[in-house]
Amino acid sequence: MPLYDCMLLFKPHVRKEALIDLVARVGKHVYRRNGIVTDIKSFGKIQLGYGVKKLDGRHYQGQLMQLSMMATPEINKELHYLNKEDRLLRWLLVKQRVTKFGLDFLGDEGRFELSKFSQTRKPDDEDELDEEDGEEYEVNEEE
């Protein structure tokens, strides 16, 4: 099952009990579909970049929560009941990608990819020039 993040943006005046109730309802829905809620984060009250227009006016603030879950791909269609929820300003479901960095990105077939690059060394002539340059720039203070 893939990992999803569900971002819930609540209206600013929603009480904490109502907020927790809706989050629990989404969690129960995921659980009934053999999914697992792995993490819940609350970002508190946030300022929005623009006003979100709803029936009760424009909202320039909101309470943001994030639910991380492992669920079936049909969860996107099943959560569309959130569109009718009057406590929410917006909701978004994002599928997390498996991101690999560094040598993990190359995998087994590319493990020795970096060994193709030869280590370059400066010729011995240049090393001697560098040492001479260091002596050339020495400053003697005489008073």
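Does Q66 count as buried or exposed, and at what relative accessibility? In this predicted model, Q66 has a relative accessibility of 11% and therefore counts as buried, the cut-off for that class being under 20%. The residue lies in strand β3, which spans residues 57–70. The Q66 side chain makes a polar contact with the side chain of D5, at 3.2 Å. Beyond four places in sequence, Q66 touches D5, C6 and M7, and also D39, I40, K41 and F43.

D39 belongs to strand β2, residues 36–54. Its relative accessibility is 31%, so D39 counts as partly exposed. With neighbours within four places in sequence left aside, D39 contacts Q66, L67 and S68. D39 and M69 are 30 residues apart along the chain, yet 6.9 Å separates their C-alpha atoms.

The largest nonpolar core comprises 20 residues. Within this core, the residues with the most contacts are L8, F10, L79, L82 and L93. Two or more residues come from each of β1 (3–10), α1 (16–32), β3 and β4 (88–95). Helix α1 gives the most, with five residues. L79 is in contact with C6, V26, H29, W91 and L93, when neighbours within four places in sequence are set aside. A second core is separate and has five residues. Among them are L48, V52, L64 and L89.

Definitions and conventions:
Residues are numbered from 1 along each chain as its sequence is written. This is a predicted model: local features need pLDDT of at least 70, side-chain atom pairs count only at pLDDT 80 or more; totals for chains, interfaces and linings use all residues. Side-chain values use heavy atoms; hydrogens and water are left out. Helices (H or I, at least four residues) and strands (E, at least two) are DSSP runs, numbered from the N terminus. Buried means under 20% relative accessible area, exposed over 50%, partly exposed in between (1.4 Å probe, protein chains only). A polar contact is a pair of N or O atoms within 3.5 Å; within protein, one must be able to donate a hydrogen and the other to accept it, and residues adjacent in sequence count only if both atoms are side-chain atoms. Contact means heavy atoms within 4.5 Å. A nonpolar core is a set of buried Ala, Val, Leu, Ile, Met, Phe, Trp, Tyr and Cys residues joined through side-chain atoms within 4.5 Å.
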